[in-house]
Amino acid sequence: MLNNKKGRFKKFKSKRPDGWYRATTYIAMVASLVSIFSIIYTIKLGSKLNKLNYSPQLIVSKCQLTDFKKLGSTTFQYSVKAIVTLKNIGNNNAHLMMYVSICIPVGEDFLRKEKNKKDFAKNVRDAPREYYSDKQIYPTQEFIVSPLVEGLNSADSIFTLHFWFVYKNDNGIIYDSYYWYSGKIIKNPEKPICFDSENNSFHIYNWWESWRIRHIYKINVSKRKGSGIP
């Protein structure tokens, strides 16, 4: 009886998984992982397509500089008011959140990079915004803003104005548009600025950028009268 039991145990042990079975198990695991990654990729691709298919896009179609003033009698610094015409050339409503302007002699998207720094919250807090809590710019519609820019320097005669507009679509996805206006200060008192060049740039925010700017925006803007999108 003992011999028979040992024989049965030996027979049972001989049926344990062998190398071929382990190989098929690994193949099944790899196939499952590939399937999971494929699903994740499809979701991410669908998200990107959604951002593009329902995307507002603001461009500066016109920039006119007015009210050119010298800042003090013994300085080379000037201020200028810009009448900027925004146009939505996208296929979704643009809900304007804020815009920031600055004068610095560089052609990089300086204000975009500033949002990753600690003092960016102050720029958001001080940025001008519309009186209405939700300012929409519909597709093909134009909208005029008039920011005041200080810091034009006549010592080197060349300046670059930077305009940064942050907005979202109807689904809450955040975008921004960046506009540069470069010119020269000339001695003609009737027309002290000579136009040089301009450039538009467009950006779609990823998850981390959207979360961060919403967090900063909520803390610094949402409780103010006339604040933009919550």
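What percentage of the 230 residues of the protein count as buried? In this predicted model, with residues numbered from 1 along each chain as its sequence is written, local features need pLDDT of at least 70, side-chain atom pairs count only at pLDDT 80 or more, and totals for chains, interfaces and linings use all residues. Side-chain values use heavy atoms, with hydrogens and water left out. Of the 230 residues, 34% count as buried, where buried means under 20% relative accessible area, exposed over 50%, and partly exposed in between (1.4 Å probe, protein chains only).

The secondary structure comes to five helices and nine strands. Helices (H or I, at least four residues) and strands (E, at least two) are DSSP runs, numbered from the N terminus. From the N terminus on, the order of the elements is α-α-β-β-β-α-α-β-β-β-β-β-β-α.

Five strands make up an open sheet with antiparallel pairing, in the order S4-S3-S7-S8-S9; two strands pair if DSSP finds at least two bridges between them. Strand S4 (135-137) and strand S9 (193-204) stand at the edges with a single partner strand each, so one side of each is left without a neighbour in the sheet. On average, neighbouring strands of this sheet are turned by 35° against each other, direction ignored. For this angle, axes are lines fitted to C-alpha atoms, for helices over the stretch in contact, and angles run from 0 to 180 degrees between N-to-C directions. Strands of a sheet pair through backbone hydrogen bonds, either parallel or antiparallel.

Ala94 has Ile137 in S4 as its bridge partner. Strand S7 (residues 158-168) is joined to S8 by eleven bridges, and the two run antiparallel; His162 has Trp180 in S8 as its bridge partner. S7 and S8 form a hairpin with five residues between them, and Gly172 in the turn has a positive phi of about 90°. Eleven bridges also join S8 to S9, again running antiparallel, and the bridge partner of Ser177 in S9 is Phe202. Eleven of the twelve residues of strand S8 (residues 174-185) are buried, so this strand is largely enclosed by the rest of the structure.

Strand S5 (142-145) includes Val145, which is buried, with a relative accessible area of 2%. Val145 and Ile83 lie 62 residues apart in sequence, and their C-alpha atoms are 6.0 Å apart in space. The loop between S4 and S5 holds Thr140. Thr140 counts as exposed at 63% relative accessibility, and its phi is near 75°, a positive value in a residue other than glycine. Most residues other than glycine have a negative phi.

Trp207, Trp208 and Trp211 form a nonpolar patch on the surface, with about 450 Å² of accessible area together. Patches are made of residues with over 30% relative accessible area and no salt bridge, like charges being joined within 9 Å and nonpolar side chains (Val, Leu, Ile, Met, Phe, Trp, Tyr) within 5 Å; a salt bridge is a side-chain nitrogen of Lys or Arg within 4 Å of a carboxyl oxygen of Asp or Glu. Accessible areas come from the Shrake-Rupley method with a 1.4 Å probe, and for residues only the protein chains shown count as cover. Trp208 lies in helix H5 (residues 207-220) and counts as partly exposed at 47% relative accessibility.

The count of disulfides, defined as pairs of cysteine sulfur atoms within 2.5 Å, comes to zero. Cys63 counts as buried at 13% relative accessibility, and Cys103 counts as buried at 12%.
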